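Please examine the structure shown below alongside its sequence.

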Amino acid sequence: MKLYDVYPLNPIKIVKGKGTYVYDNKGQQYLDLYGGHAVISIGHTHPHYVKRVEDQLHKIGFYSNSIENVLQHQVAELLGKASGLTDYQLFLCNSGAEANENALKLASFHTGRKKVIAFHNAFHGRTSLAVSATDNTKIIAPVNQTDNIVFLPFNDEEALENTFKISGYEIAAVIVEGVQGVGGIQVATDNFLAKIRSLTQQYEAVFIADEVQCGYGRSGAFYSINSNGIQADIYTMAKGMGNGFPVGALAITCQIKPWYGQLGTTFGGNHLACAAALAVLEVIERDNLIENAAVIGAYLISELKKIDKIQEVRGKGLMIGIDLPLELKNVQRDLLFKDYIFTGTASPNVIRLLPALNLTQSDADLFLDKFTSRLQQF
Ligand SMILES: Cc1ncc(COP(=O)(O)O)c(C=O)c1O
């Protein structure tokens, strides 16, 4: 059987990882500033993580959501503590798209309405509703096309206000990334987030913060949008939550009430996934990784801003976008194949840094050094 060919692949076979480094089958070491797309939060094969998942595997890996699972309560407890939102309710699932799909569905159940506001360049995943709220017509299949999603310009308070004035009572939810990832690391302004909060409150719509990529400490705060005391009604998360184990979740305000059968999943919240999620939360707390993301992220951003050839540097914490002119389109490729540094990309020519939250100052310096020299070659 052949693989279904949807990914343009780099000809590299990664066989091992440790901390912020990965290794190919020839033994070549790579600095991983991509984290397998913002997934590796506490570093590859972290010893505490490996032990907790392994120990759990020896006990029980899976049982269905028809029984009480103490580990789910432990995840809820630690997640509430880490985020400061102890009175929210936790629903566990398996991926970012699934988290957003459930969040949008929940908003519609809660309000009895159908319309959703999403933003230009947003990415919310590839399942039915999540992909409809994603601003990329190429990946929306005809069956997922719907008039229920209204796309507005990102960070445009006036457009948001006008839309609410015209059809505010039809709107079930506003879904927004605190920092757009796939959209090229665009940071939502505090005023924009405050406007979303006040309008959703006024019109009794649900504020959904898609924290799948920018959440879980990556921005230097547990949730990227929680500046100025702003709180969303639902936070969705995945990626960094399991450090590579597929686990996603929704943190849901207590104003939204559950009923039996409203949401559900076979695999979500299984014992093994909970063990992985617990290990991640324990390491984040024990090693002060959110603070590290804030400090090393701020350092990287300020150093990158000093480099001439860069058009713009954007980001928060360890979610950083570097805008390069189009004529430097080969820099990212050379970083990988000549300097052995993994980074991400976004259109038109953005380098995305999404490393593990325990990136050290010396690894940040190593990148700055190699990157500066690389830019000088062009
Ligand atoms: C902001 C955001 N939301 C949702 C998703 C979808 O997550 P998943 O690929 O786990 O379904 C992604 C994935 O890149 C994302 O960046």
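How far apart do the C-alpha centres of domain 1 and domain 2 lie? In this predicted model, the separation of the two centres is 27 Å. The domain assignment places residues 47-286 in domain 1, whereas domain 2 is made of two segments, 288-318 and 354-378. Where the domains meet, 13 residues of domain 1 are in contact with eleven residues of domain 2. On the side of domain 1 that touches domain 2, the elements giving two or more residues are β9 (186-187) and α8 (271-286). The residues on this side of domain 1 comprise seven nonpolar, five polar and one charged.

Helix α11 may be considered next. This helix comprises the 16 residues 361-376. At 1.5 Å a residue, α11 should span 22 Å, and its end C-alpha atoms are 23 Å apart, which agrees with that expectation. Which residues of α11 are buried? They are Asp363, Ala364, Phe367 and Phe371. Seen down the axis of α11, these buried residues fall within an arc of 100°, and therefore they line one face of the helix. The face turned away from the buried side carries the exposed residues Gln361, Ser362, Asp369, Ser373 and Gln376. The buried residues of α11 are covered by elements that include β3 (29-32), α9 (289-304), α10 (331-337) and β15 (341-342).

Attention may now turn to one residue, Tyr235, which is located in strand β11 (residues 234-237). Is Tyr235 buried or exposed? A residue is buried if 20 or more other C-beta atoms lie within 10 Å of its own. Tyr235 has 31 C-beta neighbours inside 10 Å and therefore counts as buried. When neighbours within four places in sequence are left aside, the residues in contact with Tyr235 are Ala209, Glu211, Gly215, Tyr223, Leu250 and Ala251.

How many residues surround the ligand? There are 14, and the closest are Gly96, Ala97, Gly125, Val212 and Gln213. Helix α4 (residues 96-111) supplies the largest share of this shell, namely three residues.

Technical notes: Residues numbered from 1 in each chain as written. Predicted model: local features only at pLDDT ≥ 70, side-chain atom pairs only at ≥ 80, totals over all residues. Near = placed C-beta within 6 Å. Helix = DSSP H or I, 4+ residues; strand = E, 2+ residues; numbered from the N terminus. Expected span 1.5 Å × (residues − 1). Buried ≥ 20, exposed ≤ 12 C-beta atoms within 10 Å, placed from the backbone. Arc of directions from axis to C-beta. Contact = placed C-beta atoms within 7 Å. Domains from an automatic or database assignment. Nonpolar A, V, L, I, M, F, W, Y, C, P; charged D, E, K, R; others polar.
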